[in-house]
Amino acid sequence: MAVLECKNLYKSYKSGKYVLADMSFSVPSGKIVGLLGPNGCGKSTLIKTVAGLLVPTKGEVFVDGIPVGESTKSLVSYLPERTYFNSWMHVDELVSYFADFYADFDKERAYQLLFDLSIDTKARLSTLSKGTKEKVQLILVMSRRARLYLLDEPIAGVDPAAREYILGTIVSNYDPSSTIMITTHLISDVEQVLDEFMFLGYGGQIVMAGGTDDVRAETGKSLDALFREVYRC
Amino acid sequence: MKRAIVLVLALFIMLCTCSVAVCATAPLEAYTIVGDLEKVLCGEVTFVPFDMGSAFVSDWRTVRESEVIIDDAAMKKYSSVMLYSYSSIDYLLYVVVTDNNGNQRTVYFIRESNYAECAELVATGEIRHGCRIESIYTYDSYFYLDSEELSVWMNTGGPKKMSVSEMTAYDSTAVYAVDSGGGIMTLCGTLFMEPYPEDRFDMEIYLLLHSGLGDEFFDSYGDLDLSYDGEAVFYPLTDGDTLVAVGDFLTTEPDYYEIPGMEVFEGLSRVMRIMLNIVLPIGGMVVAVVIMAKTRARMPYGAVCTLAIVGCALVIIGYIATECLS
Amino acid sequence: MLGKLLKYDMKAVFKYWWLAALTTVLLSVIAGVLLSYVIEEDAARGVLEEAIAIVGLVISFIGIFVLPLVTEVLIIVRLYKHFFTDEGYLTFTLPVKKHALLNSKLIMAMAFQLAAVVTVVMDVIIILFVGMLCDRIKGIDNFSSDYGEPLFGELSADAWGFGILYTAEAILIGLAYMFVLSMVIFLCLTIASVLTKKHKVLVAIGLFYGANAISSLFTQIAVYGTDLNGVFMIFDSVNNGVSELALKWSVAAQLLIPLGALAAVGAGMYALEYYLLDRKLDLQ
C-alpha cells in the first residue's frame, strides 16, 4: 500500500489563486523522496496539507490509507522549516513533551543523539544557537518511529558541515519501512540520499517524477543539472 | 439526526411539563358558592361575606377570573355569577352577580380566619399591624411602616397640638392602615411634609391620625378639611432612620411618572421581553438542532449544541416561571 | 490527551501567574497596614506622611485589582503563541483532537480566572485581617467596628432563606460568564488570525472592542427595555402585597435567564471557534 496518496488535490489561499491544482500521486513506503522545485511552487503547502496543518480546498489526501486527520498525525513526523518549539522550555522538557504525546517516540535514541552532539539537555531553547535549535528539532522528529517523515527544508540556512550531519542523521535513523519526504531547493546536497524525486511546477503541477538512479542512467545528468534544465529562467 | 430529534422532543416535553407545573402552582382553583352567596368554599377553606366599607384592596391589579360552582338556588336567581380572586392576596375574593333583571352587585368574601381582624380594621380604621404612606406622585406606590416603627415615631419627638389650617402650606398625602396580610387598606391618617425641603433626609414631616377626630374635621366627601381651624394632635417624625427613609420615598419621583406614551413603551417592553425570552431562544434551539443534524452530532458539535439547547430551554423556563410567579 | 495538554498549558501560565498573585498578597499586607494608619482618628501626623500613605494605599489597591487583567493577558499570550505563531506547527500536528486543544485552553483560562477572583477576595480578607491586627497592636478597635463587622455581618446574614439556591445559581452564572468571556477572547484572536496575516493582535483588539460594544448595547436593551420588575419588587414586596415566597422563587427563576443565555451564547461561540480552527485557519 502507498504510504501517501493524493487524489485531485487542490489548495488555494484567500487570494483565490490555486497553489496546488489537481495533484494526484502516490508515494510507496520505504523510500526517501525529494520534493523539489523553485520557491513558491507549493512544496511547503503540499507538505503542510499532508501534515494536517492546512485543509485542502478540494480533493483527498491519505496517509497509509487513512484520510488526513487526528489519526494520521500519529503516523506522520513533521519538521517545519522554522523553529516551532516554545523557547522557554528546556531540551529535556521538550523530550518529555514528545514522549508524552507520541507513542512511537524513542526517548533513549533522542538522548543518545543529543549526547552525540554535546547538547546540554538542561539548556533552555532560547539560549541555543539557531543551528543547534534546528538540530534539536531534527533529533526529536527523527527519534519517532513514524510511517512518514515530512522534512520541510531541513538543510536551508545551515552551514555545509551541519548539512552533512543532518542528512547523515536522516539516513541513519529512519526506519527502512518508513518513507521520508524532503523538500529543498539545495538539490546537489540532497540528491545522493534520494531514492525518488518529484519536480513541482508553479500551480502545484508535477513536472517530472521518478527514481533518481533511473533518471541519472537515462539522461546521464545529475538531478541538480536536470533541475537547472527544467527550471531554466 | 435521530438523536437530535429525540433530544429536542425530550426537551420540549420537559419544558412543557415544567411550565405547566410552575403555572399550576398559581392554580385556577374551583370555588363553590353555597346557597345564595352565604359562603364560598375552596377545598378546606371557607370564605364568608365581608363588608369592605370604605376600605379597598391593595393589589387590585392581580385580579383574575376563577372557576365557580353554584347550586340550583343561585342558578335560578342569577343570570350571571362571576367569581374573581387575587393572585397576590389569597384570602380575599369577590363575586359579581347579575340578577334576572340585569341588576349587578358585588359581594366580597374573606377567609374565615381573617374576618375578625379585617372587620375591625374596616370599622375602626386603627393601625394594628402597620400602615402605608402613599406616594405624592402616584397612587400605586407606598411606603410601609410596621406598628413598631410607627410606635417609635409617635413616642419620640413629642406630639404637637396644631390647627389643621396651619398645615395648608405643607404637601399632604394619605396614610392607610393595613391588615396583617397586606391585602386590605383603609384611610387612617394624613401625612404632611414641608414643601421644597433643603435637605430631603432631614425635613419636617407630621402624621395626623384620623381616629378620634370629629366629623367637623372632614368635608362632605369624607376627606380631611384642610381649611378647618380646629386643633388636632400631630406627630412629628424625629427618628433619624425613619426620617431618612420616608423623606427619600416622598421626594423621589418614579421614573415612569407621567411620561407621555407610557402605555406604548410598556407594550413594546412586553413585546421585547417575549422576543428575547421566548422567540430568540426557540430560534437558538432550531439553529442548534440544524447544526447537530448537519454535523451528525459528532464531537464537539453534539455536546456544544446540546448545551445551547439546554441554555435556551433555561431561558424560556426562567421567563415563564417569572411571569407566573410575579 | 486532554490531561496532558492541560498540564502544559497550566504550567506555561502558572510560571508567571504565581509571581503576580504573590505580589498581590504582599500588596494586601501593605494595604492593610496603610489602611489602619489612614483611618486612625485623632492621630498626629503630617500632611506629607498622610499623602504618602494614601498614595501607597491607592497603588496597593490598584496592584491587587489588576490581577484579573494580568491573568487575562497571560491567557491571551498563551493562546496566541500556542495557536497562531510558529508554535502552532507543533500544536496542530499533535495527535490530539482539535476540540481537545480548545478544551485545554478553555479549562486553563477558566481555572486561572477563578484563581484570580479567589486571590483578590483573599487579598481583601488579608487587608481586613492585617488592619485589625494593627489596631490590636495599637490598642484601638477602629478597624473592626468601621469595616470588619459590617462586612462580615453582611456576609453571615441570611436575610432570604434562599441563600443556598441563590449562591448556587450565582456560582453557575459566574462560571458561565467566565466561559463566555474566554470564548470572546479566543474568537477575537482566531478571527483575526483567519482574516489577516499581519497585525493579528491589533485586529483582535479591534474585534474585542466591537464585541464589547455590541454586547453592551444588547444588555442595555435586554435590561432596560424589558423592565425587570421582579428583581426590584423583592425589596418592596410587602408594599405591593405580593407573597414573599412567590417573589423569592421568582428571583430564583429570573436567575435562570442569564444562566441559560450565557450557556447558549457560550456554546454558540465554542462551535464557531471550533469551526474556524478546524476549517479556516491556515498557518503560514
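1. Contact means heavy atoms within 4.5 Å. By that rule, and not counting residues up to four places away in sequence, B:Met162 touches B:Met167, B:Tyr206, B:Gly230, B:Glu231, B:Ala232 and B:Phe234. B:Met162 is found in strand β11 of chain B, residues 160–163. Helices (H or I, at least four residues) and strands (E, at least two) are DSSP runs, numbered from the N terminus. At 10% relative accessibility, B:Met162 counts as buried. Buried means under 20% relative accessible area, exposed over 50%, and partly exposed in between, with a 1.4 Å probe and protein chains only. B:Val233 is 71 residues from B:Met162 in sequence, yet the two are 6.5 Å apart in space, C-alpha to C-alpha.

2. A word on the basis of these values. This is a predicted model, in which local features need pLDDT of at least 70 and side-chain atom pairs count only at pLDDT 80 or more, while totals for chains, interfaces and linings use all residues. Residues are numbered from 1 along each chain as its sequence is written, chains are lettered from A and ligands numbered from 1 in the order in which they are written, and side-chain values use heavy atoms, with hydrogens and water left out.

3. Chain A has nine helices and 10 strands. Of its 233 residues, 52% are buried. Among contacts in chain A with a separation of 6 or more, 70% are between residues 24 or more positions apart.

4. Chain B has seven helices and 15 strands. Its 326 residues include 41% that count as buried. For contacts in chain B with a separation of 6 or more, the share from residues 24 or more positions apart is 62%.

5. Which residues have the most contacts inside the largest nonpolar core? They are A:Leu4, A:Leu46 and A:Met181, and the core has 155 residues. A nonpolar core is a set of buried Ala, Val, Leu, Ile, Met, Phe, Trp, Tyr and Cys residues joined through side-chain atoms within 4.5 Å. Another core, of 38 residues, lies apart from it, and includes B:Ile89, B:Cys131, B:Ile133 and B:Cys188. Leaving out residues up to four places away in sequence, A:Met181 touches A:Leu4, A:Val27, A:Val33, A:Leu35, A:Ile47, A:Leu148, A:Tyr149, A:Leu150, A:Leu151 and A:Met198. In soluble globular proteins, nonpolar side chains tend to be buried together.

6. A:Ser178 sits in the loop between α6 (160–173) and β8 (179–184) of chain A. Is A:Ser178 buried or exposed? A:Ser178 is buried, because its relative accessible area is 2%. Its side chain reaches the backbone oxygen of A:Ala146 at 2.6 Å. Aside from neighbours within four places in sequence, A:Ser178 is in contact with A:Ser29, A:Gly30, A:Lys31, A:Ala146, A:Arg147 and A:Tyr149.

7. In chain C, the axes of helix α1 (residues 2–39) and helix α2 (residues 47–65) come within 9 Å and cross at roughly 145°. Axes are lines fitted to C-alpha atoms, for helices over the stretch in contact, and angles run from 0 to 180 degrees between N-to-C directions. On the α1(C) side, the residues that meet α2(C) include C:Thr24, C:Leu27, C:Ala31, C:Leu34 and C:Val38. Those on the α2(C) side include C:Glu49, C:Ala53, C:Leu57 and C:Ile64. The residues of this contact divide into 11 nonpolar, five polar and one charged. Here Ala, Val, Leu, Ile, Met, Phe, Trp, Tyr, Cys and Pro count as nonpolar, Asp, Glu, Lys and Arg as charged, and the others, Gly among them, as polar.

8. Some backbone geometry deserves a check. Most residues other than glycine have a negative phi, and most peptide bonds are trans. A:Asn8, in strand β1 (residues 4–12) of chain A, has a positive phi of about 50° although it is not a glycine. A:Asn8 counts as partly exposed, because its relative accessibility is 42%. B:Arg296 also is not a glycine and has a positive phi, of about 55°. B:Arg296 lies in the loop between α6 and α7 of chain B and counts as exposed, at 73% relative accessibility.

9. A cis peptide bond joins B:Met299 and B:Pro300, with omega about -5°. B:Pro300 lies in the loop between α6 (262–294) and α7 (301–325) of chain B.

10. B:Ala74 lies in helix α2 (residues 72–77) of chain B. With a relative accessible area of 4%, B:Ala74 is buried. Its C-alpha atom and that of B:Leu37, 37 residues apart along the chain, are separated by 7.8 Å.

Notes
A polar contact is a pair of N or O atoms within 3.5 Å; within protein, one must be able to donate a hydrogen and the other to accept it, and residues adjacent in sequence count only if both atoms are side-chain atoms.
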